[in-house]
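Thanks for coming, everyone. Have a look first.

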Amino acid sequence: MEELQNFLKIHSTVEVAQFLVGMYLEHETAKGKLGGYIVDCEAYLGPDDQAAHSYGMRQTPRLKAMYQEAGTIYLYTMHTHLILNIITETAGIPQGVMIRALQPVAGIKQMEENRGKTGVALSNGPGKLVQALGITRDLYGHSIFTSPLRLVTEKRKQPKKIQSLARIGIPNKDKWTEMPLRFVAAGNPYITNIRKSQISTDYGWQKEQH
DNA sequence: CCAACGATATACT
DNA sequence: GTATATCGTTGGT
């Protein structure tokens, strides 16, 4: 965990976003541990990024967590859905990574119950994975290092290829609309809007090394 | 009041 | 398979 904390300190938001592809995300709930691999995420680059909530160093009550230290959990609601972000820089620099999709590994049965769906619909979108993992607003502002919701570096998988794409859902933001700040594990079926022909049988992971 | 870092159902080639 | 319409809540001018 200290290792991860250090990683956040010395790397840029974009580098962290790329590192989070393949990272194991786990939520310890009353109904057991729910977790899986992050396969799709987006970087939001604070003051300059027109698509970021914190564009122009905007300060509002809900943005409070964005100005806290790296590892802080930033949650916001969007059209009835809760969206999960992880803050990536030191306090005062409002940048973060939005978690877009997860390949479920542990507690899949519980996730199906939480979602009322099965298969890729469990977690192939930001609001979906939050619901699948049972994440709630009271995690707002807590740390990814010390809360029931945490990143497990030891279980991280290595993607064969990280693909850079334009971010989703941010039209009319000049160059920021097109900038390749979205990173996915190429070939993984849980990626948002992936085409069937793009899915690979190994789900986009490197082979385990022995 | 209205836009928003979505999700879903429904309607189409 | 892709496209659109509608749902719905909260935060910020």
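What covers the buried residues of H1? Helix H2 and strand E6 (149-152) are included in that cover. Before the details, the ground rules. This is a predicted model, where local features need pLDDT of at least 70, side-chain atom pairs count only at pLDDT 80 or more, and totals for chains, interfaces and linings use all residues. Residues are numbered from 1 along each chain as its sequence is written, chains are lettered from A and ligands numbered from 1 in the order written, and side-chain values use heavy atoms, with hydrogens and water left out. Helices (H or I, at least four residues) and strands (E, at least two) are DSSP runs, numbered from the N terminus.

Now H1 itself. Leu4, Phe7 and Leu8 are buried there; buried means under 20% relative accessible area, exposed over 50%, partly exposed in between, with a 1.4 Å probe and protein chains only. Seen down the axis of H1, these buried residues fall within an arc of 95°, so they line one face. That arc is taken over the directions from the helix axis to the C-beta atoms. Recall that an α-helix has 3.6 residues a turn, so residues three or four places apart point the same way. The face turned away from the buried side carries exposed Glu2, Glu3, Lys9 and Ile10.

Next, the helix pair. H1 spans residues 2-10 and H2 spans 13-20; their axes come within 8 Å and cross at roughly 140°. H1 is therefore oblique to H2. On that scale, angles under 35 degrees are roughly parallel, over 145 roughly antiparallel, 65 to 115 roughly perpendicular, and the rest oblique. Axes are lines fitted to C-alpha atoms, for helices over the stretch in contact, and angles run from 0 to 180 degrees between N-to-C directions.

Who meets whom? From H1, Leu4, Phe7 and Leu8; from H2, Glu15, Val16 and Phe19. Contact here means heavy atoms within 4.5 Å.

On to H2. Its buried residues are Thr13, Val16, Ala17, Phe19 and Leu20. Gly22 follows H2, with a positive phi near 105°.

Which residues have the most contacts inside the largest nonpolar core? Leu20, Leu84, Ile99 and Leu151, in a core of 63 residues. Strand E2 (residues 32-44) gives the largest share, seven residues. A nonpolar core is a set of buried Ala, Val, Leu, Ile, Met, Phe, Trp, Tyr and Cys residues joined through side-chain atoms within 4.5 Å. Setting aside neighbours within four places in sequence, Leu20 touches Ile38, Cys41, Ile86, Val97, Ile99 and Leu151.

Now Val130, in helix H4 (residues 126-133). Val130 is buried, at 2% relative accessible area. Beyond neighbours within four places in sequence, Val130 is in contact with Leu82, Ile83, Leu84 and Ile135. Val130 and Ile99 lie 31 residues apart in sequence and 9.1 Å apart in space, C-alpha to C-alpha.

Last, two backbone notes. Met57 is not a glycine, yet has a positive phi of about 60°. Met57 sits in the loop between E2 and strand E3 (73-78), and is partly exposed at 36% relative accessibility. Asn172 also has a positive phi, near 60°. Asn172 lies in the loop between strand E7 (162-165) and helix H5 (175-178), and counts as exposed at 72%.
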